[in-house]
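Please keep the sequence and the model side by side while reading this briefing.

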Amino acid sequence: GTIRTFTFYKASVLDEQQQILGVVGVMLDVSELKKKKQALIEQNRSLEMYSLTDPLTGLYNRRKFNDVFPDHLRAAKRHQRLLNFAIIDIDNFKKYNDTYGHVAGDKALVIISKLLQSKLLRADDYIFRLGGEEFGLLFYADDEVAASQFVNDIRLAVQSLCIPHTVNNGYSCVTISLGMVTIKHTDKDMLALYEMADNLLYKVKNAGKNQILAKLV
């Protein structure tokens, strides 16, 4: 009732006139070896996945971000697609951890991560956990208006989760702020675009949080 895997080696036995007298063969049961090879393949796949994902949220990590972003920049330029990059930051998250504890903070991160993941529209859209309470969103849009509407819908969706946050500068729940660059004409590299989005986010934070600031470049 079991399936076994065999490797068969054979050779012809010849006489002095090179006529075939017979065949000799050896058959080896390699079932266990095949299982171990398959297990090793699966283990290597798991290790590769773990190296590219954040262990808490399951989102792609910064290492994956550093691989994907340059590829998307080249593809967007080649196919003339409108690429958008947004940095998302949870407002007053340190205060959240101080008030509710780090376990509650981790739970909030997981809930928000699942929401962000569910909002991706295309197979080549990505959400990353860049570190701490900061996320990176990489997506395509038909135009800059659609891009801004998309990230604003995300902002409202996070607020609609109604995760209690009583020390969030006048808001009673967890909110997010976003700085976004819509990449259309520029030849700037990943680091320059990241810095631009980060500067936009910084301005949002200083302007009261729970907002979006976008720029076409």
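In which strand is the place of Tyr9? Tyr9 lies in strand S1, which covers residues 6-14. The model is a predicted one, and the points below should be read with that in mind.

- Leaving out residues up to four places away in sequence, Tyr9 touches Val24, Gly25, Val26 and Leu28; Tyr9 and Val24 are 15 residues apart along the chain, and their C-alpha atoms are separated by 8.5 Å.
- The loop between S1 and strand S2 (20-29) holds Gln18, whose phi is near 65°, a positive value in a residue other than glycine.
- Gln18 counts as exposed because its relative accessibility is 55%, and the cut-off for that class is over 50%.
- Asp15 is also placed in the loop between S1 and S2, and with a relative accessible area of 23% Asp15 is partly exposed.

**Backbone at Asn92**

- Most residues other than glycine have a negative phi.
- Asn92 is not a glycine, yet it has a positive phi of about 50°; Asn92 is found in the loop between S3 and H3.
- Is Asn92 buried or exposed? Asn92 is buried, since its relative accessible area is 13% and the buried class is under 20%.

**Helices H3 and H4**

- Helix H3 (residues 93-100) and helix H4 (residues 102-118) have axes that come within 7 Å and cross at roughly 130°, so H3 is oblique to H4.
- On the H3 side the contact involves Phe93, Tyr96, Asn97 and Tyr100, while H4 brings His102, Ala104, Gly105, Ala108 and Leu109; by class, this contact has six nonpolar, three polar and no charged residues.
- Asp106 is found in helix H4 and is partly exposed, with a relative accessible area of 36%.
- The C-alpha atoms of Asp106 and Gly132 are separated by 9.9 Å, although these two residues are 26 residues apart along the chain.

- Helix H6 (residues 190-206) has 17 residues and reaches 24 Å from its first C-alpha to its last, which is close to the 24 Å expected at 1.5 Å a residue.
- The buried residues in H6 are Met190, Leu193, Tyr194, Met196, Ala197, Leu200, Leu201, Val204 and Lys205.
- In an α-helix, residues three or four places apart point the same way, because there are 3.6 residues a turn.
- The cover over the buried residues of H6 includes helix H2 (62-79), together with strand S3 (82-90), strand S4 (126-131), strand S5 (134-141), strand S8 (176-183) and strand S9 (212-216).
- The axes of H2 and H6 come within 10 Å and cross at roughly 110°, so H2 is roughly perpendicular to H6.
- Arg62, Phe65, Asn66, Phe69, Pro70 and Leu73 of H2 make this contact with Met190, Leu193 and Tyr194 of H6, and by class the contact has seven nonpolar, one polar and one charged residues.
- Just after H6, Gly208 takes a positive phi of about 125°.

**Nonpolar cores**

- How many residues does the largest nonpolar core have? The largest nonpolar core has 28 residues, and those with the most contacts inside it are Ile88, Ile90, Ile127, Phe135, Leu137, Phe139 and Val151.
- Two or more residues of this core come from each of S3, H3, H4, S5, helix H5 (144-160) and S8, and H5 gives the largest share, six residues.
- Neighbours within four places in sequence aside, Phe135 is in contact with Leu59, Ala86, Ile87, Ile88, Ile90, Leu109, Ser113, Leu116, Ile127, Phe128, Arg129 and Leu130.
- Another core, of 24 residues, lies apart from the largest one, and among its residues are Phe65, Val68, Ile183 and Met196.

Definitions and conventions
Residues are numbered from 1 along each chain as its sequence is written. This is a predicted model: local features need pLDDT of at least 70, side-chain atom pairs count only at pLDDT 80 or more; totals for chains, interfaces and linings use all residues. Side-chain values use heavy atoms; hydrogens and water are left out. Axes are lines fitted to C-alpha atoms, for helices over the stretch in contact, and angles run from 0 to 180 degrees between N-to-C directions. Helices (H or I, at least four residues) and strands (E, at least two) are DSSP runs, numbered from the N terminus. Angles under 35 degrees count as roughly parallel, over 145 as roughly antiparallel, 65 to 115 as roughly perpendicular and the rest as oblique. Contact means heavy atoms within 4.5 Å. Ala, Val, Leu, Ile, Met, Phe, Trp, Tyr, Cys and Pro count as nonpolar, Asp, Glu, Lys and Arg as charged, and the others, Gly among them, as polar. The expected span of a helix is 1.5 Å times one less than its number of residues. Buried means under 20% relative accessible area, exposed over 50%, partly exposed in between (1.4 Å probe, protein chains only). A nonpolar core is a set of buried Ala, Val, Leu, Ile, Met, Phe, Trp, Tyr and Cys residues joined through side-chain atoms within 4.5 Å.
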